[in-house]
Every structure is written in structure tokens, then in C-alpha cells.
Amino acid sequence: MTTSTPMQLGMVGLGRMGANLVRRLMRDGHRCVVFDVDQTAVAALVAEGATGATSLEDFVAKLDVPRAAWLMLPAGITGKILDELAALMAKDDIIIDGGNSYYRDDIDRAAKLAPKGLHYVDCGTSGGVWGLDRGYCLMIGGENAPVQHLDPIWRSIAPGAGSAEPTPGRTPGGTAQDGYLHCGPNGAGHFVKMVHNGIEYGMMAAIGEGLSIIKHANAGKQDQVIDAETTPLRDPQYYQYDIPVGEVAEVWRRGSVVGSWLVDLTAAAMAEDPNLDAFTGRVSDSGEGRWTVLAAVEEGVPASVITASLFERFESRGLGNFTDRVMSAMRNEFGGHDEKKS
């Protein structure tokens, strides 16, 4: 359904999420001006109805006053592009950072832009590559007036009230039921999104570990190495199961307590590649998990699951290799234990 209050929005950064945000907005009747250093990405959206820009100067010139510009960029370059964009904008213009920036940077950036009369809004954006059709969950931080001014934009991007059943006992009202929430002043949106991603780390690790335990439930059928360096499997008769792991993921999707979108995606991946041979198991972290753990430490809040899942990602990238070598060297020194070959 087309919005009753069409607006214009500029988008800088046309990766998968930036481009799909533009597409979702245009589907709902909004006008979009787009810029990316990759002009082929710009041309693709121009072909779909967007107004293209060849530079930041051209981008700003094509925006209606007061301007609203959304940055959808990697956190590492957001600050630089933000400074360049802010230098071209004027009093009462709004800059939205929809990427995964550190909430502390939001606080500093808002304070830096305020003397010029520019409004800064941070927006944690969750939905990934599926957001074009499902909608994006939005966690917003900033001053009341600019956030309210952008309400038609938030409403078009968000999933809408029909995306989930009403919560029993909750008094209707507000915007959370529509999939977007003004969480508080500058930085609050990215703070909530930061913790969201930390939770995501823990959930992903738990699902992966659980399915791995099921995959290895046939350990008792395997040939057992017998030597002083290997802990024996004491009761192999209790580990004789060849359980179809992909089918377990599938059945968990249907009525189970752990059913979730993450389980849905896992089942889909395993239906296509049952042993996940296309993946090496190297798991990246883009910062939010680290920042969540730091916040937990500074707040004095126990967060052992999120912390362990973050460290598991470090381990997946071989960052614990030197630790392992030190431990192996110590075993060799104090007990003459030679390393077993992998």
C-alpha cells in the first residue's frame, strides 16, 4: 500500500541493504536520491526510478530542503563520509546513520553537528538481505522533532503490525508493534542494535553447538584411538546415533521452543548443502558483539553467553592458535608430551 505522506530521502551507500532500503521506499511511493562510489550501483537504481548523483555535491544539490540523507556504510568509513556530507549541508538538515556504528560515536557526532544546526539520527537496522520483502526492524536514536519528521520513512521501511501476532496482555499503541522504535536520545538506537547483535551472536553459537552435538552423536561408532594423549570415550554404546541434522533443523521450525528465523535460515542452508561443505567455519565479527561485552563489563552486568560466543568467533579465525601452541609447549616441557598429528 502506497504511503499517504510521500517524502524524499537521499541514500549514500548502495550495498545490499542500502539498495534494498531504497527499493522498499520507492515501492511505497517515496522519492529517493542515491549516491555510491560504484556508479553501476547508482545506475541500477536509476533504472528502477531513483534519481542518481555523481558526487556528494551533486547528491546534496538534488535533495529538497530541509534535506534528509541516510548513510548506509561500513562503520570504518562512516565518520569520514559523514564529515564530507555535513560540510555540504545546511541548518535543519537531517543526517541518518543506518549502519552499525558505535553508539559512542553517535553521541560525539551529534554534538559536533549541533552547532551548525544539523540534526543527527542513529538508526539500528536489522533485516539483512531479506528486508526488502519482510521489512526492517528499526531502532532509532535522536532528538524528538527530526525523528518524528521522518515517521513516514520509518513506517515504510518497517515490517508493519501484521508481521507478528499481537503480544497478549500488551496495551496497543506506540510504534514498536509496527517494527520501529524511538529508543531515546542520540546513540540509543545503535545501543539497542548493538545489544541485539550481541544476542544474535549467542543465539547463533547455541544453535551451531547444539546441531554439532547432534551431528557427532555417532561418536561411539568411530574407531577409538587408544594412547596416553587421548581421552577415551567411556561409554560408546550410548553414542550410536546417525541423526539427520538438516531434518532436525527442519522439525525444530515447527512448534518447538527454539523455533526462530535463525533456525529457519539454518534449515534452508542445510537443505541446499547438508554438510555445509561450502563453508570453512571462519566467522567474522563486525564490532557490535565486542561493544556489547564492553558495555556489560562497564555496567557490571554478567553476560557470559554473549562473551563466550564472541570469543568463539575469535577462535574460528585462528586467533587462539598461539595460545594453543603455548599450552602444547608447556605440556611438552613439564611432561614430555609430544603433539599428536592432526
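**Overall architecture and local features of the predicted model**

The protein chain contains 14 helices and eight strands, where helices (H or I, at least four residues) and strands (E, at least two) are DSSP runs numbered from the N terminus. The structure is a predicted model, in which local features need pLDDT of at least 70 and side-chain atom pairs count only at pLDDT 80 or more, while totals for chains, interfaces and linings use all residues. Residues are numbered from 1 along each chain as its sequence is written, and side-chain values use heavy atoms, with hydrogens and water left out. Along the principal axes, the C-alpha atoms of the protein chain fill a box of roughly 75 × 45 × 45 Å. Of its 342 residues, 40% count as buried (buried means under 20% relative accessible area, exposed over 50%, and partly exposed in between, with a 1.4 Å probe and protein chains only).

Glutamine 8 belongs to strand E1 (residues 8–12). Its relative accessibility is 13%, so glutamine 8 counts as buried. A polar atom of the glutamine 8 side chain lies 3.1 Å from the backbone oxygen of lysine 62, and a polar atom of that side chain lies 2.6 Å from the backbone nitrogen of aspartate 64. Valine 65 and proline 66 are joined by a cis peptide bond, with omega about -5 degrees. The loop that holds proline 66 runs between helix H3 (56–61) and strand E4 (68–71).

Positive phi angles occur at two residues described here. Aspartate 92, which is not a glycine, has a phi of about 75 degrees. This residue is found in the loop between helix H4 (75–86) and strand E5 (94–97), and aspartate 92 counts as partly exposed because its relative accessibility is 39%. Leucine 276, also not a glycine, has a phi of about 55 degrees. Its loop lies between helix H11 (261–272) and helix H12 (288–299), and leucine 276 is partly exposed, with a relative accessible area of 33%.

Aromatic pairs were counted for rings of Phe, Tyr and Trp (its six-membered ring) with centres within 6.5 Å; planes under 30 degrees apart count as stacked, over 60 as edge-to-face and the rest as tilted. The count comes to five aromatic pairs. The ring centres of tyrosine 102 and tyrosine 103 are 5.4 Å apart and the ring planes stand at 90 degrees, so this pair is edge-to-face. Both residues count as buried, tyrosine 102 at 15% relative accessibility and tyrosine 103 at 16%. Ring pairs link Tyr102 and Tyr103 with Phe191 and Trp291 in a cluster.

Charges over rings were also identified (NZ of Lys or CZ of Arg within 6 Å of the ring centre and within 35 degrees of the ring normal). Arginine 134 lies over the face of tryptophan 261, 4.0 Å from the ring centre. The charged end of arginine 313 is placed over the ring of tyrosine 201, at 3.6 Å from its centre.

The second largest pocket has a volume of about 280 Å³. Its lining comprises 13 residues, of which Ala164, Glu165, Pro166, Thr167 and Gln177 are the closest to the pocket centre. On a 1 Å grid over the protein atoms alone, a pocket is an open set of points where a 1.4 Å probe fits, with protein on both sides within 12 Å along at least five of seven lines; lining residues have an atom within 4 Å of a point. The volume is the space filled by probe spheres set on the points.

Notes:
Polar contact = N/O pair within 3.5 Å; in protein donor to acceptor, adjacent residues only side chain to side chain.
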